[in-house]
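Here are my notes on the model you sent. Please read them with the structure open.

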Amino acid sequence: MLRNYSLDSLLAFEAIGRLHSFSKAASELGLSQPTISYRVSKLETTMHTVLFERGSGSVRMTPSGQRLYAKIQPVLDSLSKALESEVNTTRVEQISLTSSPAFASIWLLPRLHDFQDTYPDIEVSIVATDRVLDLTHEVDLAIRPNTHSRTRSGPNMMIVPLFSDQQFAVCSPSILPQHDTGEDPSTILNRLTKPVLLHDEFTTGWQNYLTDIGYDASELKNGPIFSNADLTLRAAVSGMGVTLTRSSYAEEYFRSGALVKLPLPEVKAEFDNVLLCRKATYAHKPVRRFVDWLQRMTANSVG
């Protein structure tokens, strides 16, 4: 019966018969020569026959060995192909990406399902951190501000522009008062139910913005400072106050109605996000697919 025969012994027999050598078969299977000899001897004992003529420097199959080889070799080959086919079917390519926590949570995550639906065989690992990770050893791709010192171009680096963002003030509709279309913008912030300025880690953002639009902010109160833009926007959604945001970050909030834009001037954002990738890394197909997808998504975004 089949259970009386060891698969290890059959594999050893097939390798010796194909390679005409005990030592070569042992090397291919990662075994010692005594081990592979033992397995074949065990098979011969089970079958009550001799499968190989062992001579000095040569190995020949006996007639019994030739008949067995002709029968099992196609079966083992078919089994090998079936297993390899299954491995190829379930193989998952992996790529890694780093970005700021704000970009990852506000912009990337709501869209990532589209990439996974399009390329289910590519697994994306996202490291959301403000720490600068190394593109040679730690991650494949990075999304960083174009003002960052580590975004300088070089012969081995690709820099892909993503957005050209505008910056403006937003708040929850619950604290935005009714106003006339001809109302002087200089009074709008002061008339908010909660005229509190919410800050992210760029604490000079409000000061620069108000200076740019010529707004007298002497009566405005400074609110909490949050560690990233995602937390600041969540605070604004809760009605805590008003914050500055980028056009690429505001899209989902506007669509849901959680935030509204104040009728104040827009200004150019202080930085744009760019994608960084080593040229050698871009040569890998999964990385190219993600970069192409990201460019399509950013082209269709508000930003």
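1. A definition comes ahead of the sheet. Two strands count as paired if DSSP finds at least two bridges between them. Strands of a sheet pair through backbone hydrogen bonds, and they may do so parallel or antiparallel.

2. This is a predicted model. The chain holds 10 helices and 13 strands. It has 303 residues, and 41% of them are buried.

3. Now the contacts. Take those between residues at least 6 apart in sequence: 73% join residues at least 24 apart.

4. Which strands form the open sheet, and in what order? There are 5 strands, and the order is S4-S3-S5-S13-S6. The pairing is mixed. Strand S4 (122–128) and strand S6 (157–161) are the edge strands. Each of these two pairs on one side only. From one strand to the next, the twist averages 25°.

5. Look next at one pair within the sheet. Strand S3 covers residues 93–99 and strand S5 covers residues 141–145. The two run parallel, joined by 2 bridges. Thr 98 has Ala 142 in S5 as its bridge partner.

6. What packs on the sheet? Helix H10 (residues 285–299) does. Helix H10 touches S3, S4, S5, S6 and strand S13 (273–278). The direction of helix H10 makes about 45° with that of S3.

Methods
Residues numbered from 1 in each chain as written. Predicted model: local features only at pLDDT ≥ 70, side-chain atom pairs only at ≥ 80, totals over all residues. Heavy atoms only, no water. Helix = DSSP H or I, 4+ residues; strand = E, 2+ residues; numbered from the N terminus. Buried < 20%, exposed > 50% of the residue type's maximum accessible area, 1.4 Å probe, protein only. Contact = heavy atoms within 4.5 Å. Axes fitted to C-alpha atoms, helices over the stretch in contact; angles between N-to-C directions.
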